[in-house]
Amino acid sequence: MRREPSAPRGNLDPGPTSNTEHAYVTTWDGNRWTTQQIDEPPGTTSTLLTALSCPSTTHCTAIGFTVTGPNLTALTETGWHLLTPATTNSPTTTLTDISCATPARCLGVGSTTTDRHTRSAAEILNAAAWTTDTPLDAPGARTGYFTTVSCSQPADCTAIGTELPSTTIVMAQHWDGHHWTQQPLPMPAAP
């Protein structure tokens with residue numbers, strides 16, 4: 001059976017008086033759509049999936065966050081399974097996008113907040129283990145966060161986002177599997 005997951009959606013029947021959201025996915029098997037609630041981290045009252053990457057027809061990884069930290073979920077041939085992110089129990093880390101070049105190599109991006117500063121954040125899947133990585137900060141940036149990422153190969157990814165010194169600056173960074181480098185972006189001329 002071929003699975004082609006659609007974008008994940010939240011808030012599957014939270015109940016009339018509940019303040020919780022549960023993550024679910026909708027998949028197409030070639031004949032019909034099926035909706036399935038997925039596992040959530042223990043003790044979680046609200047889960048939001050923000051992105052999905054499917055490097056094959058039998059493997060997808062969804063990324064998002066809960067009130068207690070990042071949430072990672074993978075689809076394999078046996079169903080959806082909860083993964084353990086490197087930033088477990090870190091409510092200050094939010095992962096907003098993911099790109100998987102292969103089922104065993106993914107890059108998730110977003111932001112983390114410490115000491116009143118928000119910085120870009122990344123989590124890398126290499127085989128079966130997730131690790132954190134620290135992208136570069138632009139000189140003078142007070143706040144920075146990634147909004148999206150795309151990987152054409154396991155060690156060829158580009159993430160884009162925003163940095164906030166005195167004005168908003170769009171940023172792009174390249175990840176080669178080991179190091180981050182800033183990428184110049186053309187900016188529109190001031191009116």
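Reader: How is the relative accessibility of Cys54 to be read: buried, exposed or partly exposed?

Author: Buried means under 20% relative accessible area, exposed means over 50%, and partly exposed lies in between, using a 1.4 Å probe and protein chains only. Cys54 has 34% relative accessibility, so this residue counts as partly exposed. This is a predicted model, in which local features need pLDDT of at least 70 and side-chain atom pairs count only at pLDDT 80 or more, while totals for chains, interfaces and linings use all residues. Residues are numbered from 1 along each chain as its sequence is written, and side-chain values use heavy atoms, with hydrogens and water left out.

Reader: Which residue forms a disulfide with Cys54?

Author: A disulfide is a covalent bond between the sulfur atoms of two cysteines. The criterion here is a pair of cysteine sulfur atoms within 2.5 Å. Cys54 pairs with Cys60, with 2.1 Å between their sulfur atoms. Cys60 is buried, at 0% relative accessible area. The link of Cys54 and Cys60 is right-handed, with 110° about the S-S bond.

Reader: How many disulfides are found in the whole structure?

Author: The search finds three. One of them joins Cys100 to Cys106, with an S to S distance of 2.1 Å. Both of these cysteines, Cys100 and Cys106, are buried, and their link is right-handed, with 105° about the S-S bond.

Reader: What is the torsion about the S-S bond of Cys151 and Cys157?

Author: The torsion is about 110°, so the disulfide of Cys151 and Cys157 is right-handed. Its S to S distance is 2.1 Å. Cys151 and Cys157 are buried.

Reader: What pattern do the disulfides of the protein chain follow?

Author: Counting bonded cysteines along the chain, the pattern is 1-2, 3-4, 5-6.
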